[in-house]
Amino acid sequence: MNHSNSELMMTVLMTPDKANFIGNVHGGDLLKLLDQVAYACASRYSGKQVVTMSVDQVTFRQPVHVGELVSCYASVNFTGNTSMEIGIKVIAENIQSQIKRHVNSCFFTMVATDQSGKPTPVPTFTPNTPDQFRRHKGAELRRELRRHYEEESLDIRQSKAILESGKS
Ligand SMILES: CC(C)(COP(=O)(O)OP(=O)(O)OC[C@H]1O[C@@H](n2cnc3c(N)ncnc32)[C@H](O)[C@@H]1OP(=O)(O)O)[C@@H](O)C(=O)NCCC(=O)NCCS
């Protein structure tokens with residue numbers, strides 16, 4: 001696979017229409033931007049239509065201000081059979097001072113779909129550089145954690161259903 005297709009950068013100016021009630025950028029607007037970046041990165045890499053399966057670790061550690069430039073650096077970290085983990089690092093830049101801040105890093109799982117909306121295989125991503133190996137290893141761990149979390153959540157839901165059926 002051509003690895004130049006596995007990374008993507010998108011920069012957007014934070015205009016006043018994105019402000020929340022206290023004048024900073026609305027979290028929902030940033031989430032929409034991150035989803036678009038993940039979509040573009042995954043769809044360009046796979047050459048397929050993709051949908052968002054899950055989002056991990058979206059933590060807004062610092063506010064993003066109206067008037068700042070937000071740059072999203074996205075990479076394919078890992079591919080399964082039909083899914084891709086896309087990591088995104090978000091940098092906010094004050095245009096006048098050019099001071100940059102790392103405001104968020106997050107991970108999207110995108111699934112490639114065929115014309116009927118069913119999952120379809122994606123090209124295997126093989127890491128080449130030290131950064132790609134590091135991200136790939138982290139992505140493998142997160143994939144295991146997601147599986148574990150799904151199984152535990154299912155157990156909790158099933159226990160709750162058993163308890164509730166005993167009440168009636
Ligand atoms: C994405 C979708 C097509 C997957 O269909 P599905 O029948 O659940 O697919 P599968 O169980 O075969 O899983 C597909 C992939 O998702 C992965 N996956 C499943 N659950 C997951 C989870 N909780 N987190 C991350 N990845 C997950 C699977 O491991 C698999 O990847 P792999 O092939 O690389 O191993 C389907 O769930 C869907 O249409 N979801 C709605 C997507 C959408 O509309 N998103 C926009 C928000 S509304």
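Q: Quick one to start: which residue in S4 does Val-76 stand opposite?
A: Ile-86 is the one that stands opposite Val-76. Before we go on, this is a predicted model, so local features need pLDDT of at least 70 and side-chain atom pairs count only at pLDDT 80 or more, while totals for chains, interfaces and linings use all residues. Residues are numbered from 1 along each chain as its sequence is written.

Q: OK, and how do S3 and S4 pair?
A: S3 and S4 run antiparallel, with 10 bridges between them. Two strands pair if DSSP finds at least two bridges between them. A hairpin of three residues joins S3 to S4.

Q: How many bridges join S4 to S5?
A: There are 11, and S4 and S5 run antiparallel. One example is Glu-85, whose bridge partner in S5 is Thr-109.

Q: Which residue takes a positive phi in the hairpin of S4 and S5?
A: That's Gln-98, with a phi near 60°, in a hairpin that has six residues between the strands. Gln-98 has this positive phi although it is not a glycine.

Q: Is Gln-98 buried or exposed?
A: Gln-98 is exposed, with 8 other C-beta atoms within 10 Å. The cut-offs: a residue is buried with 20 or more other C-beta atoms within 10 Å of its own, exposed with 12 or fewer, and partly exposed in between, with C-beta atoms placed from the backbone.

Q: And what's phi at Gln-57?
A: Gln-57 has a phi near 55°, again a positive value in a residue other than glycine. Gln-57 sits in the loop between S2 and S3. Gln-57 counts as exposed because it has 10 other C-beta atoms within 10 Å.

Q: Let me zoom out. What does the secondary structure of the protein chain come to?
A: It comes to two helices and five strands. Both are DSSP runs numbered from the N terminus: helices are H or I with at least four residues, strands are E with at least two. From the N terminus, the order is β-α-β-β-β-β-α.

Q: What does the C-alpha trace span along its principal axes?
A: About 65 × 45 × 35 Å. The protein chain has 168 residues, and 25% of them count as buried.

Q: What is the reach of H2 from its first C-alpha to its last?
A: H2 has 38 residues and reaches 56 Å, close to the 56 Å expected at 1.5 Å a residue. The expected span is 1.5 Å times one less than the number of residues.

Q: Why does H2 lie largely in the open?
A: Because two of the 38 residues of H2 are buried. Phe-133 lies in H2, and Phe-133 counts as exposed, with 11 C-beta neighbours inside 10 Å.

Q: Now the inside. Which residues have the most contacts inside the largest nonpolar core?
A: Ala-38, Cys-41, Ile-86 and Ile-88, in a core of 31 residues. Helix H1 (27-46), S3 (69-79), S4 (83-93) and S5 each supply at least two residues of this core. H1 gives the most, with seven. By definition, a nonpolar core is a set of buried Ala, Val, Leu, Ile, Met, Phe, Trp, Tyr and Cys residues joined through C-beta atoms within 7 Å.

Q: What is Ala-38 in contact with, leaving aside neighbours within four places in sequence?
A: Ala-38 is in contact with Thr-52, Ala-74, Ile-86, Ile-88, Phe-108 and Met-110. Contact means C-beta atoms, placed from the backbone, within 7 Å.

Q: Is Val-64 buried or exposed?
A: Val-64 counts as buried, with 22 C-beta neighbours inside 10 Å, and it is found in the loop between S2 and S3. The C-alpha atoms of Val-64 and Asn-24 are separated by 6.0 Å, although the two are 40 residues apart along the chain.

Q: Last topic: how many residues surround the ligand?
A: 15 residues surround it, and the closest are Ser-54, Gly-80, Asn-81, Thr-82 and Ser-83. A residue is near a molecule if its C-beta atom, placed from the backbone, lies within 6 Å of it.

Q: Where does the largest share of the shell come from?
A: From S2, which gives four residues. S2 (49-56), S5 (100-113) and H2 (130-167) each supply at least two residues of the shell.

Methods:
Two residues are in contact if their C-beta atoms, placed from the backbone, lie within 7 Å.
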